[in-house]
Amino acid sequence: MPIFDRAFFSRPLSILYNPFPALLALVLLSASSLGIRLLLSSTTPRKVLPKKMSTESNKMAPRKKIAVMTSGGDSPGMNAVVRACVRMAIHMGCDAYCVYEGYEGLVRGGDLIKKMDWYDVRGWLSEGGTLIGTARCMAFYERAGRLTAAKNLILNGIDALIICGGDGSLTGADRFRAEWPSLLDELVSTGELKAEQIHAYKHLNLVGIVGSIDNDLSGTDATVGCYSALARICMCVDLIEATASSHSRAFVVEVMGRHCGWLALMAGVATGADFIFIPEKPREDNWREEMCNVVQQHRKLGKRKTIVIIAEGALDKFGNKISPEQVRDLLADKDGLALDTRITTLGHVQRGGTAVAYDRMLATLQGVEAVKAVLEATPGTKTCFIAITENKIVRKPLMEAVLDTKQVAKAIESQDFDGAMALRDAEFSEQYKSFMMTTAGQMDHEKMLPEKERMKIGFINVGAPAGGMNAAVRAGVAYCLSRGHEPIAIHNGFAGFARHHGDSPLGAVRPFHWLEVDGWASKGGSEIGTNRELPSESGMETIANLIEQYQFDALFLIGGFEAFHAVEELRKAREQYPSLCIPMTLLPATISNNVPGTEYSLGSDTCLNELVDYCDKIKQSASATRRRVFVIETQGGRSGYVATFAGLGVGASAVYLPEEGLSLEMLSEDVRHLKEVFAQDKGQSRAGRVILINEKASKVYNAKLIADILRDEAHGRFESREGIPGHMQQGGVPSPMDRCRAVRLAIKCIQQLEKYGRNVHNRVKTDPMSASVIGIKGASVVFTPIQRLAEEETDWPNRRPKAAFWLSMKEIVDILGGRPRHTLPEPDLTGVKAKDVKRGLEPIQ
């Protein structure tokens, strides 16, 4: 998940929070039948929202007025952008405005430029589309329209603008900024405004956020809304596959993307489609012949369904449009394949619905970063937009990205398709290669390795099931078969390997059958089973002997912290058991996202989608009853990743993590905060509240106990309930992100193993990279030696990395949730130190 710029959190906390001079005066505890009664008094009550900035903050941002608007086509997540911008601006001591109806609102002014309060954006995270509207504005194309827009901003005192839209909207915004000084001069010279009115607004600070389901802007890996649209497509294709298989039909599915094939490509990867058409990469030769060959080969293997995904801007290599009707007619040709073929055009269903967890988090973090950017901008600062590269939120020059994007369209128009692919990001081209490898790789015999270089690779899942495991196995098997390797399934983890490898009629060790594996792209869980047992528990000597018995040349492991631990055990045992001197690599897959060496694990996105969906329903119930708090328990072990990012996605009022701990004082502060919040509620706002607690956040306080405490301390002023989604967080259909990343990362893992080849015992002994973990770190996909991770970066007692890259996000959750600064629990004393303090031999510190 995205990394926020840590420099923001290194600033004095007075910038982030109001100074609270209140001192804790008294804590009285009395037993009650419902829980623990907290009676607290303080010299000054805490405020729910910041009322003024500190002196340091005022120097940085003297009561600036920041406006946010949405423009162009709507996309899921735009409301999350607006919410984040409004609340962060207010938090930073600024006035927040919304411009309704896009550029039309700028030109018309009046009530379409509205000052926003904190609670005006409550409940917006779960809403689809854009609640402040978007509309085409022909007037803004003319200078007269931009002149009126400038006047309206000046009259409202606004000189900082955040725009969420596509490349066209952002290009217009950059032109508006460039013309700003001349527009002001003209307004003064024509008498529309006086010189003193424009004196404080000589420069327009502008920042862009890309909201587009097409994901068509160069320079960023994802745009707000693209993964939500992809989720709609994959859901529809998954449903279509069932009826296609039932009737042995072919379906041609048309998706959006006039100049960008991202949706079609990623949908093809995620659903395991038979063929795709995208504008950037037409088929080299006769596409008709190539498609028929691929489909025919798949049918010969026994497939009962055929799925072809086509972008609306699909072309052949001569620049001629390829329509869904052409594809249907070819598949249905009675003199050819003669398949019963139907067309499904998804249309605007791709734009609709609420945003998935990733888009909410991306929109929220980019909105916060955009507010920072407009406050820090100077007249000489180039107009920037907020991008994400692999896993890191960054600022990039807007017009450079826009020009690169336009170059893609020009390259496609001039039939320079290699140039068009080169202008897309690295992930795009890698995913295209991955798709070709998994759908047609076995037909390309030129990629087969010589017999002596072919390897026997064992596939094993270790730990709890996670979304994307099956997609990773499918991709790894497809790559192996395309290269001539022999992929072997080890069913049910090391336990199955050790105790059931020779069972009859089916042992735990057996080859894959591609026809079966090909259908795993969208399946949840683990089709080859999984188990938490470690090699040491199964018997290291037994495992070593079995690896020798089955003549494995490499091991590909998929799983969570148990899998990480297993690889480290196998590495350490190499000195004693030479058969373990084979290359092995781990693809992290766990909803907890607690594997050292990576900031992303397969299954974490699926888990967040399930949890956010659950919390949306809970909040709806809480809102219906107006004043109710739900305390939701999340999974994640001793890692608070899931709770934190779910908190970003649902707008939690508080999040309790194992990394911070939980104390009676924290609970009392949150009880007081909730009382103040509900006291301000007049019964007309969406007053439902959610608190998230990680399952290991406290040894004492669980979801039920916290709900009881809240209910008792409310004294009838509000209600509280607990909710435990449990293992539903592990289940469900894997998200498109987990599926696509599973394919890409699994192929990289097999390629890493492939570098070593066969019979490399001596090399493996001396090469730390022979036992590695693949991961996404910042803006890169990297392999890291597991020895270094185990010795330097792992918190073994808590089963997580020593450094939590995401922990800074917790402050964003608190800020946007309106939670006042709270007191963290004291660290636990352990060992001799704890004994001496308890005996009075050392003072309590």
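**Note on the predicted model**

1. The second largest cavity has a volume of about 60 Å³, where a volume is the space filled by probe spheres set on grid points joined across faces, edges and corners. In the whole structure, the search finds 8 cavities of 30 Å³ or more. A cavity is a set of points on a 1 Å grid over the protein atoms alone where a 1.4 Å probe fits but cannot get out, and lining residues have an atom within 4 Å of a point.

2. This is a predicted model, in which local features need pLDDT of at least 70, side-chain atom pairs count only at pLDDT 80 or more, and totals for chains, interfaces and linings use all residues. Residues are numbered from 1 along each chain as its sequence is written, and side-chain values use heavy atoms, with hydrogens and water left out.

3. The second largest cavity is lined by Asn 215, Leu 217, Ser 218, Thr 220, Trp 262, Arg 424, Asp 425 and Phe 428.

4. The structure holds 0 disulfides (pairs of cysteine sulfur atoms within 2.5 Å). Cys 234 is in no disulfide, and the nearest cysteine sulfur, that of Cys 740, lies 6.4 Å away. Cys 234 is buried at a relative accessible area of 1% (buried: under 20%, with a 1.4 Å probe and protein chains only). Cys 292 is also buried, at 18%.

5. Thr 634 belongs to strand β19, residues 628-634 (strands are DSSP runs of E, at least two residues, numbered from the N terminus). Thr 634 is buried, with a relative accessible area of 1%.

Conventions: Buried means under 20% relative accessible area, exposed over 50%, partly exposed in between (1.4 Å probe, protein chains only). Helices (H or I, at least four residues) and strands (E, at least two) are DSSP runs, numbered from the N terminus. On a 1 Å grid over the protein atoms alone, a cavity is a set of points where a 1.4 Å probe fits but cannot get out, and a pocket is an open set with protein on both sides within 12 Å along at least five of seven lines; lining residues have an atom within 4 Å of a point.
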